[in-house]
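User: I have a model to go through before setting up calculations. Could you walk me through it?

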Amino acid sequence: MGEKDVQHELKRQMEEAGFDEVRFDGLGNVIGRIGNGKKILAIDAHMDTVDVGNLDNWDKDPFSGEIDNEFVYGRGSVDQEGGAASFVTAGKILKELAFDRDLTILFVGSVMEEDCDGLCWNYLIEEEKIRPDFVISTEPTNLNIYRGHRGRMEMRVTFSGISCHGSAPERGDNAIYKASKCAVEVEKLHERLAFDEFLGKGSVTISEFVSGSPSLCAVSDYAHIHLDRRLTWGETKESAVAEVEEFAKPLGGKVEVLHYEEVAWTGLKYGMEKYFPTWKLEEDHPFVQTGKKAFETLWNKAPKIDKWTFSTNGVTIQGKHGIPVIGFGPGNEVMAHAPNEKTPIEHLVKASAFYAMIAYLI
């Protein structure tokens with residue numbers, strides 16, 4: 001993976017800001033520490049970004065790092081380097097204020113999130129044995145407080161057929177036809193999925209259709225469809241698989257939940273199943289209320305409390321391991337993965353203040 005240079009730069013900035021300790025873990029996450037108290041607050045920002053896509057859609061060079069009086073421009077300014085920039089500044093503020101509360105604050109620049117959200121935190125919790133009491137995700141929230149989002153999973157439905165010459169297709173068994181019938185049922189399934197008042201509706205879509213045959217003059221003997229499944233409250237891996245198997249199995253389809261494995265920039269190979277559980281905190285949860293108090297203390301008004309549309313490392317931190325998460329980050333999530341990505345400078349400043357303030361309130 002390609003985070004090596006940005007991880008070293010983040011480490012340098014943490015050290016320059018006077019953090020008590022800064023280190024890499026085996027996967028290449030940067031972990032900065034301030035304080036040594038019994039309770040642990042972690043603040044997370046993933047440091048990898050998606051590609052820029054079609055450069056013709058950008059008004060500015062996506063890697064210019066241009067800054068004017070209002071915005072920081074470029075790929076990653078919203079998703080997700082803006083959050084890291086703000087938490088480094090928050091750490092510097094805390095050191096300048098001689099922060100001395102009974103709290104350990106971990107500032108985590110995490111890796112590999114875009115390809116497998118939560119993988120980095122699965123490593124931190126299961127391999128590094130780091131288990132915070134609370135986590136703030138700095139993913140973009142437009143300076144609102146977020147308390148959950150839908151889960152997701154990736155499934156593949158595979159079909160086998162029997163090839164024969166295309167001049168006499170009745171002699172074979174066409175895998176594409178089976179997969180196509182299954183695809184129609186997937187579209188119908190989407191319409192009847194569960195709904196949650198806060199998180200919204202579950203969804204499913206086909207994001208890939210692959211087939212194979214001995215030649216373009218032969219009946220297809222292989223096909224698969226890739227399903228992007230978003231899970232609302234109450235939906236699980238088992239229930240989602242069962243829903244697809246109900247119509248895929250009679251067509252000869254095999255349903256599997258996919259596994260991700262990749263080599264980190266450190267050279268370590270690590271992976272996990274591509275099931276990312278749904279999570280949410282109730283609005284009256286103490287951590288949500290602490291975030292609300294921090295916001296009101298700083299700006300003398302109530303925050304908007306909402307949810308992400310997309311998925312974050314919260315799927316592992318809270319969804320799998322049950323550690324309470326709230327989101328508060330600079331930038332608007334509609335800019336994530338989009339051309340002309342930009343983050344308001346005002347957001348970066350306010351996010352820094354929020355992270356420093358909440359440390360005094362936990």
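The conversation below goes from the overall fold to single residues and their contacts.

User: What should I know about the source and the numbering?
Analyst: This is a predicted model, in which local features need pLDDT of at least 70 and side-chain atom pairs count only at pLDDT 80 or more, while totals for chains, interfaces and linings use all residues. Residues are numbered from 1 along each chain as its sequence is written, and side-chain values use heavy atoms, with hydrogens and water left out.

User: How many helices and strands are there?
Analyst: The protein chain has eight helices and 21 strands. Helices (H or I, at least four residues) and strands (E, at least two) are DSSP runs numbered from the N terminus.

User: What is the radius of gyration, and what does the globule rule give?
Analyst: The radius of gyration is 23 Å, close to the 21 Å that the globule rule gives for 362 residues, so the chain is as compact as a globular protein of that length. The radius is taken over C-alpha atoms, and the rule is 2.2 Å times the number of residues to the power 0.38. Along the principal axes, the C-alpha atoms fill a box of roughly 80 × 40 × 40 Å.

User: How much of the chain is buried?
Analyst: Buried residues account for 53% of the 362 residues. Buried means under 20% relative accessible area, exposed means over 50%, and partly exposed lies in between (1.4 Å probe, protein chains only). The chain exposes about 16000 Å², of which carbon and sulfur atoms supply 48%; the areas come from the Shrake-Rupley method with a 1.4 Å probe, and for residues only the protein chains shown count as cover.

User: And the share of contacts joining residues at least 24 apart?
Analyst: Among contacts between residues at least 6 apart in sequence, 77% join residues at least 24 apart. Contact means heavy atoms within 4.5 Å.

User: Switching to charges: how many salt bridges are there?
Analyst: The structure holds 23 salt bridges, each a side-chain nitrogen of Lys or Arg within 4 Å of a carboxyl oxygen of Asp or Glu. One of them pairs R12 with E9 at 2.7 Å, N to O.

User: Where do R12 and E9 sit relative to each other?
Analyst: They are three residues apart in helix 1 (residues 4–16), and are therefore separated by about one helical turn. An α-helix has 3.6 residues a turn, so residues three or four places apart point the same way. R12 is partly exposed at 37% relative accessible area, and E9 is partly exposed at 31%.

User: Which parts of the chain does the E154–K274 pair link?
Analyst: The side chains of E154 and K274 form a salt bridge at 2.9 Å, N to O. The pair links distant parts of the chain, with E154 in strand 9 (residues 151–160) and K274 in the loop between strand 16 (269–273) and strand 17 (275–276), 120 residues apart. E154 is buried at 11% relative accessible area, and K274 is buried at 11% as well. Salt bridges that share partners join D117, R152, E154 and K274 into one network.

User: What about E235 and R229, buried or exposed?
Analyst: Both E235 and R229 are buried. The closest N and O atoms of their salt bridge are 2.9 Å apart.

User: What surrounds M153?
Analyst: M153 is in strand 9 and is buried, at 0% relative accessibility. Not counting residues up to four places away in sequence, M153 touches several residues, including L227, R229, V257, K274 and Y275.

User: Now T343. What does its side chain reach?
Analyst: The side chain of T343 reaches the backbone oxygen of S77 at 2.6 Å, a polar contact (N or O atoms within 3.5 Å; within protein, one must be able to donate a hydrogen and the other to accept it, and residues adjacent in sequence count only if both atoms are side-chain atoms). T343 lies in strand 21 (residues 342–344) and is buried, at 1% relative accessibility. Leaving aside residues up to four places away in sequence, its contacts include E70, F71, P330 and L348.
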